[in-house]
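These are my notebook entries from one sitting with a single model.

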Amino acid sequence: MNDIIKLSPRLLTAASYVKEGARVLDVGTDHAFVPIYLLQKGRASFAAGSDINPGPLKTAKDNAVKFGLENKLKLYLSDGLSLCECDGNKYDHIIICGMGGELISSIIASSPYSFRSGLRFILQPMTMPDKLRLFLSQNGFTVTDETIIKDGGKYYQFVVCEYFARPYTLSPTEMLLGRVNIEKRKNNSAFYEYAGSLIRIYRQKIYGMKLGGENTEMEGRIYSDLLELYKESG
C-alpha cells in the first residue's frame, strides 16, 4: 500500500517538529503512526518506535507491513530509552507523546542518552505540563519551541527542547502554560481558549482550598495571570 497514513492533528503537530533527514525514535509508539508517516514523507532518514506493551507493538508491525515499510521501520519492545545507549543508531530526535508530564520527565531523567547536545525532544504531556517544564528547567533543557492545539475538543501542549546544560527559573504560570507559548500567544487562538478553561479550574480550586484553610497565594497569582492573559482575547 502506497497511501500516506492519516494522522490526527495532535500527531501531525508532533511530526511537524521533525527536521529533514532526522533519525527519529518514537517512545511509546503505540501503532507507530508517526514514524510510518515520517518515513513515507521522506522527512526521516531512519525511524524507530518503542513500546512497553507487546500488543500495540504487534499492531505497529502489522502497520509497517501494510504500508510496505517492514524493512525500514525498527521496532523495540522497550521501556523508555533503555535501548538507546546500546543500539548504536544515534537518534537525533526523540518523540514522547501521550504520557503524563511526570512520566515523561522520569523517562528522560533515567537515561544518560538524554543528556547529549544536538538531541531534539518533541514532548506532548497529557497531564502535568507544569511538572515537566519544572524538570526541564532544573536540568538544563532549553525549550526552543512550544504550541497549544485543540483536537477533538481537547487541548494539547507540545514542548520542543534540547539539552544545553543551563538551568533556569520559570514562574508558576510559565510552568503551566510555557514561556514560549506566552511570548507568541497572539498568533494562537487555542492558547486563549485553553487559558480560559484554566481560569474556571483555578477559580474552583482556590475556592476549595480556602474552605479547607489552605494557603492559596501561588494559585491566586496564577489565577491573576490567567485573567490578564485572557483579557487580550477580547
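At roughly what angle do the axes of helix 5 and helix 6 cross, and within what distance do they come? Before answering I noted that this is a predicted model, in which local features need pLDDT of at least 70 and side-chain atom pairs count only at pLDDT 80 or more, while totals for chains, interfaces and linings use all residues. Residues are numbered from 1 along each chain as its sequence is written, and side-chain values use heavy atoms, with hydrogens and water left out.

**Entry: helix 5 and helix 6**

I found that the axes of helix 5 (residues 101–109) and helix 6 come within 7 Å and cross at roughly 25 degrees. That makes helix 5 roughly parallel to helix 6, in a scheme where angles under 35 degrees count as roughly parallel, over 145 as roughly antiparallel, 65 to 115 as roughly perpendicular and the rest as oblique. The axes are lines fitted to C-alpha atoms, for helices over the stretch in contact, and the angles run from 0 to 180 degrees between N-to-C directions. Helices (H or I, at least four residues) and strands (E, at least two) are DSSP runs, numbered from the N terminus.

I recorded the crossing of helix 5 and helix 6 as right-handed; a crossing is right-handed if the near helix is turned clockwise from the far one by less than a right angle, and left-handed if anticlockwise. On the side of helix 5, the contact (heavy atoms within 4.5 Å) is made by Gly101, Glu102, Ile104, Ser105, Ile108 and Ala109, and on the side of helix 6 by Lys131, Leu132, Phe135 and Leu136. Sorted by class, this contact has six nonpolar, two polar and two charged residues, where Ala, Val, Leu, Ile, Met, Phe, Trp, Tyr, Cys and Pro count as nonpolar, Asp, Glu, Lys and Arg as charged, and the others, Gly among them, as polar.

**Entry: helix 1 and helix 2**

I then turned to helix 1 and helix 2, whose axes come within 10 Å and cross at roughly 55 degrees; the two are therefore oblique to each other. Helix 1 passes helix 2 in a right-handed crossing. Here Leu11, Leu12 and Ala15 of helix 1 meet Phe33, Val34, Tyr37 and Leu38 of helix 2, and by class this contact has seven nonpolar, no polar and no charged residues.

How many of the eight residues of helix 2 are buried? I counted seven of the eight, so helix 2 is largely enclosed by the rest of the structure; buried means under 20% relative accessible area, exposed over 50%, and partly exposed in between (1.4 Å probe, protein chains only). The buried residues are Val34, Pro35, Ile36, Tyr37, Leu38, Leu39 and Gln40, and they pack against helix 1 (9–16), strand 1, strand 2 (44–51), helix 3 (54–66), strand 3 (73–77) and strand 4 (93–100). In helix 1, the buried residues are Arg10, Leu11, Thr13, Ala14 and Ala15, and what covers them includes helix 2, strand 4, strand 5, strand 6 (141–151) and strand 7 (154–163).

Asn63 lies in helix 3 and is buried, with a relative accessible area of 11%. Leaving aside neighbours within four places in sequence, I see Asn63 in contact with His31, Phe33 and Ile36. Thr173, in helix 7 (residues 172–177), is buried at 4%, and touches Gly178, Ile182, Arg221, Ile222 and Asp225, not counting residues up to four places away in sequence.

**Entry: positive phi**

Asp30, in the loop between strand 1 (22–27) and helix 2 (33–40), has a positive phi near 60 degrees although the residue is not glycine, and Asp30 is partly exposed at 38%. Met128, in the loop between strand 5 (120–127) and helix 6 (129–138), likewise has a positive phi, near 50 degrees, and at 39% relative accessibility counts as partly exposed. Gly42, which follows helix 2, has a positive phi near 75 degrees.

**Entry: cysteines**

Taking a disulfide as a pair of cysteine sulfur atoms within 2.5 Å, I get a count of zero disulfides. Cys97 is in no disulfide, and the nearest cysteine sulfur, that of Cys161, is 12 Å away.
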